[in-house]
Amino acid sequence: MVFQCQRDSWARQFATKVVSCQAAELRPEGGGEPVRGFQVVLEDTILFPEGGGQPDDRGLIGDVPVLRVTRRGPEAVHFVQKELEPGTSVLLSLDWERRFDHMQQHSGQHLITAIADLMFGFKTTSWELGRQRSVIELDTPSVTAEQIEALERSVNEKIRERVPVTVREVAADDPEVETVRSRGLPDDHTGPVRVINIEGIDSNMCCGTHVSNLSDLQVIKLLGTEKGKKNKTNLIFLAGNRVLKSIEQSHNTEKALTSLLKNGPGEHVEAVKRLQSSVKLLQKNNLNLLRDIAVLIARDFKSKPVQSQLFVLHRKEGDSEFMNIIANEIGTEETLLFLTVGDEKEAGLFLLAGPVEAVENLGPRVAELLGGKGAGKRGRFQGKATKMSRRGEVEALLQEFVSHQRAET
């Protein structure tokens with residue numbers, strides 16, 4: 001069946017009737033609990049059900065939002081959260097911004113696919129219309145920068161030439177069907193076949209909604225390629241309003257960087273490189289200082305006439321190396337060390353060091369108290385913690401252990 005949305009991709013409102021309404025559930029695209037509602041079938045629809053790589057439309061049935069449109073054989077099924085009476089006349093309203101975006105991306109894909117084949121013999125094996133960008137999978141292991149540049153130049157020339165795009169319906173058994181580009185019909189397809197013709201460039205079997213002239217695409221930008229699966233290449237592109245939005249976003253970023261870096265756009269890259277070099281040098285100096293601090297902390301402990309059997313230290317700034325330097329300097333034959341770095345209440349790192357038997361016994365219990373995980377060997381147990389606020393409980397546990405050991409001796 002061919003729907004009204006396929007006969008007239010530009011229609012934004014349409015009067016029709018409710019044929020059926022059945023209780024159903026919808027699983028959200030991002031996961032989560034199913035949404036309860038109703039599956040509504042109409043006599044005809046201007047809301048496109050997903051297919052041909054194109055996502056479904058959104059809109060209203062009267063004042064009821066349509067959350068999903070899917071194809072079920074010859075029917076388009078609209079999911080809504082309000083029950084609608086069969087036989088009721090309703091007015092459909094289309095989310096035009098979403099639809100026109102899909103039209104631009106889909107027709108843009110047809111044009112890129114056709115020109116890539118004509119110029120370089122690259123066949124399209126699949127494509128995806130994404131929320132931010134779209135991807136065409138080409139049956140070639142690589143595409144050069146020169147080929148991308150030539151392809152982009154050619155498709156935009158065709159847009160400027162205002163080439164007409166027409167849609168025709170032909171019978172499924174018409175010999176013409178065998179001559180047009182196609183990846184085959186769905187198993188449950190019924191009725192005529194739609195052929196999208198870009199005059200003098202391409203004829204392709206397709207169920208999606210399309211522009212009526214290549215000039216409606218405005219512009220196409222090829223963003224580059226990524227390695228695909230099985231010796232294929234993914235070509236990333238934007239068409240129409242997405243190009244304008246991308247330019248706007250880039251311009252806003254450029255203005256923000258100009259304000260932050262206090263120089264012009266042409267100097268941004270060099271300014272960031274200088275900042276990165278400065279940050280690396282500061283990080284190196286900071287690490288050296290932390291190492292020196294660790295040594296001083298250990299020496300201060302060892303210089304005391306009477307050394308405690310338990311040494312506890314927390315420092316916000318630090319890392320595993322910082323804690324291990326302290327442990328190495330103090331020595332763990334007789335002293336039990338509990339060292340932590342990071343946020344005082346949330347996440348951080350911990351190290352328990354000391355006599356081998358004591359650490360083997362206490363390490364897993366310390367990790368459990370701190371809501372973390374760890375591992376250890378040869379008198380050291382270290383890991384990540386998520387509940388640093390419980391350090392006091394760990395200290396109490398260790399103090400009790402040390403007191404018990406002292407009592408036994």
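Let me start with strand β11, residues 193-198, which is joined to β12 by four bridges, the two strands running antiparallel; please keep in mind throughout that this is a predicted model. Within that pairing, Asn197 has Ser203 of β12 as its bridge partner.

If we widen the view from that pair, we find an open sheet of three strands, in the order β10-β11-β12, with antiparallel pairing. Its edges are formed by β10, residues 165-170, and by β12, residues 202-205, each of which pairs on one side only.

Now I would like to move on to helix α4, residues 241-261, and to ask how its end-to-end distance agrees with its 21 residues.

Which residues of α4 are buried? They are Arg242, Val243 and Leu261, where buried stands for a relative accessible area under 20%. Looking down the axis of α4, we see these buried residues fall within an arc of 95°, and so they line one face of the helix. What covers them includes the helices α2 (96-120) and α5 (268-302), together with the strands β8 (124-129), β9 (134-138), β13 (220-227) and β14 (233-239).

Finally, for those of you who look at backbone torsions, the residue that follows α4 is Lys262, and its phi is positive, near 60°.

Methods
Residues numbered from 1 in each chain as written. Predicted model: local features only at pLDDT ≥ 70, side-chain atom pairs only at ≥ 80, totals over all residues. Heavy atoms only, no water. Pairing = 2+ DSSP bridges. Expected span 1.5 Å × (residues − 1). Buried < 20%, exposed > 50% of the residue type's maximum accessible area, 1.4 Å probe, protein only. Arc of directions from axis to C-beta. Contact = heavy atoms within 4.5 Å.
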